[in-house]
Amino acid sequence: MRNPPDETLGATDNLPSSPPASGRGPRGGRSASAKNKGGNTGEREPTPSPSRMREGNEPVRKCILSGERDVRPHLVRLALAPDGQIHPDVRAKAPGRGAWIGVTRLELEAAIKKGKLKGALARAFKTGEFTIAPELPAMIESALERNALDRLGLESRSGTVLIGSDRIEQNARSGKLKALYHASDAAEDGNRKLDQAWRIGNDVEGSGLRGLALPASRTILALALGRENVVHIGLTDRAAAKRVSEALDRWLHFIGSEPSSVSCETASQGASASQNIGASGSTGQRPAVDMTEEFE
């Protein structure tokens, strides 16, 4: 990712409590350049705010702990509540002041212990009037897990999810499968069978293409999808695969469980990217994906 030059890019944000009325305020009406069209006033176009600079279709944000920049769907927003508490805002919808982190749970726990998170938040919020709960890392992990499972549930209800080994294998062999996931307690022989069918369907036999073993049992996945006995999950819709992979990527990155398996068909999908075959898996590298949901 090409980094913008501004060192303070996206460190904090301030989400409005309600969106501005259409056609009113600074975002509405004709722009100054449009009003002056046809006349040379000598005025320059206003410089965009660094927080509005984007990578592709996504705003770029800066992790307050590592200093690294990334698009918002790869980071976790921390919100300053009116009561002074710091809460995870993984869907980036809470109003008010927010700061972004892109570190793992272990790194965050170390930053809390050393006082680095408090200092970074004080600089980001320009105030020290807040409280960091000791259980904040656990709260973030729980919120990321819930967000990922909720995304799977939404895709299931929209009809983009396949379950059942036979159905998944049939779609995999026909080249229709875009993403493949296995429950943590799925049998290895069942995983290998579907992985092989997927490689055959993609004409990449002998490659490392295989489904991603999720850190969730079949019971948890069944509850999330509202189905019975969910051992394997397949996705045939490319957009759905991107949405699911984004949610899973943040969860897996935070808990430090980035397996080497490959979960999606192309480099633009999946929990992470495989450099060898251009398929998405987890190599500790962020995927080049664009979430279709806009938070602000």
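1. Start with a charge sitting over a ring. In this predicted model, Lys-118 lies over the face of Phe-130, and the distance to the ring centre is 4.5 Å. If you have the structure open, find Phe-130 and look for Lys-118 above its ring face.

2. Phe-130 also takes part in an aromatic pair. The structure holds 1 such pair. Its partners are Phe-125 and Phe-130, with ring centres 6.2 Å apart and planes at 85°, so the pair is edge-to-face.

3. Now to the charged pairs. How many salt bridges does the structure hold? There are 9, and the next points walk you through some of them.

4. Take helix H2 to begin with. Here the side chains of Arg-105 and Glu-109 form a salt bridge, at 2.9 Å from N to O. Helix H2 covers residues 105-113, and these two residues sit 4 apart in it, which is about one turn of the helix. Glu-109 is partly exposed, at 30% relative accessibility; Arg-105, with 25%, is partly exposed too.

5. Glu-141 joins Arg-105 and Glu-109 in a network of salt bridges.

6. Helix H4 gives you another example. Arg-151 and Glu-155 meet through their side chains in a salt bridge of 2.9 Å, N to O. Both belong to helix H4, residues 136-157, and they are 4 residues apart, about one turn of the helix. What is the relative accessible area of Glu-155? It is 1%, so Glu-155 is buried. Arg-151 is at 10% relative accessibility and therefore counts as buried.

7. Finally, a bridge that reaches across the chain. The side chains of Asp-185 and Arg-218 meet in a salt bridge of 3.5 Å, N to O. Which parts of the chain does this pair link? The two parts are distant: Asp-185 lies in the loop between strand S9 (179-182) and helix H6 (188-201), whereas Arg-218 lies in helix H7 (residues 218-225), 33 residues apart. Asp-185 counts as partly exposed, at 35% relative accessibility, and Arg-218 is also partly exposed, at 28%.

Conventions. Residues are numbered from 1 along each chain as its sequence is written. This is a predicted model: local features need pLDDT of at least 70, side-chain atom pairs count only at pLDDT 80 or more; totals for chains, interfaces and linings use all residues. Side-chain values use heavy atoms; hydrogens and water are left out. A salt bridge is a side-chain nitrogen of Lys or Arg within 4 Å of a carboxyl oxygen of Asp or Glu. Buried means under 20% relative accessible area, exposed over 50%, partly exposed in between (1.4 Å probe, protein chains only). Rings of Phe, Tyr and Trp (its six-membered ring) pair if their centres lie within 6.5 Å; planes under 30 degrees apart count as stacked, over 60 as edge-to-face and the rest as tilted. A charge sits over a ring if NZ of Lys or CZ of Arg is within 6 Å of the ring centre and within 35 degrees of the ring normal.
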